[in-house]
Amino acid sequence: MAIYCRNCGKALADDARFCSGCGAQTFPPAPSSPPYSASYPASVTRLVRPRAGRMIAGVCQGLANAYAWDVVWVRVITVLLAVFGGGSGLLAYVIFWIVMPEEPIVFPPSPPPYQPPTQP
Ligand SMILES: [Zn+2]
């Protein structure tokens, strides 16, 4: 693959430092971009317990949201593990309950609470 002089457009050898036609310096090829994986998630998955759609503490819903799982299957597996897994499902649920932060409260737009006027 030949390179071309940016000054005069003359085709040059790949390793040419200077143009043989005009003497302009040829620029080295752009350095390879630093190791960057396009598949790396732009934002770290936030494992939170959502306030909407929860049944007990929102653990199953939070896991389903974080990993795009079906919340029904998450609950089914959790219950099966809790019933048949010697309580491992229940233990895992409690652990997730403790470690997973709760989703921040998003206040719905509502009128301010009524406050009776203070009498002078
Ligand atoms: Zn040139």
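Along the chain, the donors of the zinc ion are spaced as C-x2-C-x10-C-x2-C. C5 sits in the loop between β1 (3–4) and β2 (11–12) and C22 in the loop between β2 and α1 (59–67), so this pair ties together parts 17 residues apart in sequence. Helices (H or I, at least four residues) and strands (E, at least two) are DSSP runs, numbered from the N terminus.

The zinc ion is coordinated by the SG atoms of C5, C8, C19 and C22, at 2.2 to 2.3 Å. Donors are N, O and S atoms within 2.8 Å of the metal (3.2 Å for Na, K and Ca); water is not among the atoms, so sites may look incomplete. The angles subtended by the four donor atoms are 104 to 120°, which makes the arrangement tetrahedral (four donors, all angles between 85 and 135 degrees).

## Model basis

The model is predicted: local features need pLDDT of at least 70, side-chain atom pairs count only at pLDDT 80 or more, and totals for chains, interfaces and linings use all residues. Residues are numbered from 1 along each chain as its sequence is written, and side-chain values use heavy atoms, with hydrogens and water left out.

## Burial

C5 counts as buried at 5% relative accessibility, and C22 as partly exposed at 36%. Buried means under 20% relative accessible area, exposed over 50%, and partly exposed in between (1.4 Å probe, protein chains only).

Seven of the nine residues of α1 are buried, so α1 is largely enclosed by the rest of the structure. Among them are V59, C60 and L63. The buried residues of α1 pack against α2 (71–84) and α3 (88–99), where contact means heavy atoms within 4.5 Å. Just after α1, A68 has a positive phi of about 55°.

Technical notes: Tetrahedral: all angles 85-135°; square planar, octahedral: opposite > 155°, others 65-115°.
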